[in-house]
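Here are my notes for someone opening this model for the first time. Have a look around before reading on.

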Amino acid sequence: ETDWQKLEQSAWPAEVLQAAEAFVQHYPASKLSTSATVARDGAREAVKALQRSDVRLYRTAFALNDEMNGDQRQDLIRAARGDKDAAARMAGRYRHQADSAAAARSRYEGWLQYAVALGNGIASYELALHYRSLGQPLLASQFEARALDLGYTPPPTLDNVRK
């Protein structure tokens, strides 16, 4: 039970991976070993995503604290296990602060980059729009292309110019 609690409370992907591997190795017959295997596989993908050069999200982003509400805590734990949608929701928590504070913008971009590395096409398009609003067309076009590669079809743009 102590080993399972350690796994459940881990929020840094490398720690999740380590705790899940240890649990599966020590308790292969446990009814929780299947859940530990899923956590291990997701954490393995998360670790790979965090090692990418285009993802700037660090250990401090995965810190659990008492100020977090239950949904945010669950999303953080899920994101550490490779849940691309939970990672995008974490980015959304910084979206409105991104205009006023550089640290929040960095955290917003980092969570979106992480979600994209995990395979979230919607997050990729949102990041493209973000970079476009900052006047960074190269990054915007890269993430827009990646959104398409991930299977996301952006909505058609509506403008007042006849073509």
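Which residues does Ala 36 touch, not counting residues up to four places away in sequence? Keep that one in mind; the second point comes back to it.

1. Ground rules and overall picture. This is a predicted model, where local features need pLDDT of at least 70, side-chain atom pairs count only at pLDDT 80 or more, and totals for chains, interfaces and linings use all residues. Residues are numbered from 1 along each chain as its sequence is written, and side-chain values use heavy atoms, with hydrogens and water left out. The protein has 8 helices and 0 strands (DSSP runs, numbered from the N terminus: H or I of at least four residues for helices, E of at least two for strands). Along its principal axes, the C-alpha trace spans about 65 × 30 × 25 Å. Of the 163 residues, 42% count as buried (buried is under 20% relative accessible area, exposed is over 50%, and partly exposed is in between, using a 1.4 Å probe and protein chains only). Among contacts between residues at least 6 apart in sequence, 55% join residues at least 24 apart (a contact means heavy atoms within 4.5 Å).

2. Back to Ala 36. Leaving out residues up to four places away in sequence, Ala 36 touches Trp 4, Leu 7, Ala 20, Phe 23 and Val 24. Ala 36 sits in helix α3 and is buried, with a relative accessible area of 0%. From Ala 36 to Glu 8 you count 28 residues in sequence, and the C-alpha to C-alpha distance is 9.3 Å.

3. The α2 and α3 pair. Helix α2 (residues 13-26) packs against α3 at an angle of about 150°, with the axes 8 Å apart (axes are lines fitted to C-alpha atoms, for helices over the stretch in contact, and angles run from 0 to 180 degrees between N-to-C directions). That makes α2 roughly antiparallel to α3 (under 35 degrees is roughly parallel, over 145 roughly antiparallel, 65 to 115 roughly perpendicular, and the rest oblique). The crossing of α2 past α3 is left-handed (the near helix is turned anticlockwise from the far one by less than a right angle; clockwise would be right-handed). Residues in this contact include Leu 17, Ala 20 and Phe 23 from α2, and Ala 36, Ala 43 and Val 47 from α3. The contact residues divide into 13 nonpolar, 2 polar and 3 charged (Ala, Val, Leu, Ile, Met, Phe, Trp, Tyr, Cys and Pro count as nonpolar, Asp, Glu, Lys and Arg as charged, and the others, Gly among them, as polar).

4. The α7 and α8 pair. What about the other end of the sequence? The axes of α7 and helix α8 (residues 137-149) come within 8 Å and cross at roughly 165°, so these two are roughly antiparallel to each other. Their crossing is left-handed. Among the residues making the contact are Tyr 125, Leu 127 and Tyr 131 of α7, along with Leu 139, Phe 143 and Ala 147 of α8.

5. Salt bridges. How many salt bridges does a search of the whole structure find? There are 13 (each a side-chain nitrogen of Lys or Arg within 4 Å of a carboxyl oxygen of Asp or Glu). Glu 21, Arg 40, Asp 41 and Arg 44 are linked in a network of them.

6. Arg 89 forms a salt bridge with Asp 75 (2.8 Å, N to O). Arg 89 lies in helix α5 (residues 84-92) and Asp 75 in helix α4, so the pair ties together parts 14 residues apart in sequence. Asp 75 also meets Arg 93 in a salt bridge (3.1 Å, N to O). Arg 93 lies in the loop between α5 and α6, so this pair ties together parts 18 residues apart in sequence. Asp 75 is buried at 4% relative accessibility, while Arg 89 at 37% is partly exposed, and Arg 93 is partly exposed at 27%.

7. Around Glu 109. The side chains of Glu 109 and Arg 56 meet in a salt bridge (3.5 Å, N to O). Glu 109 lies in helix α6 (residues 102-117) and Arg 56 in the loop between α3 (33-50) and α4 (70-80), so the pair ties together parts 53 residues apart in sequence. Glu 109 is buried at 8% relative accessibility, whereas Arg 56 at 40% is partly exposed. His 130, found in helix α7 (residues 121-133), touches Glu 109 too, along with Arg 105 and Tyr 108, not counting residues up to four places away in sequence. His 130 is buried, with a relative accessible area of 9%.
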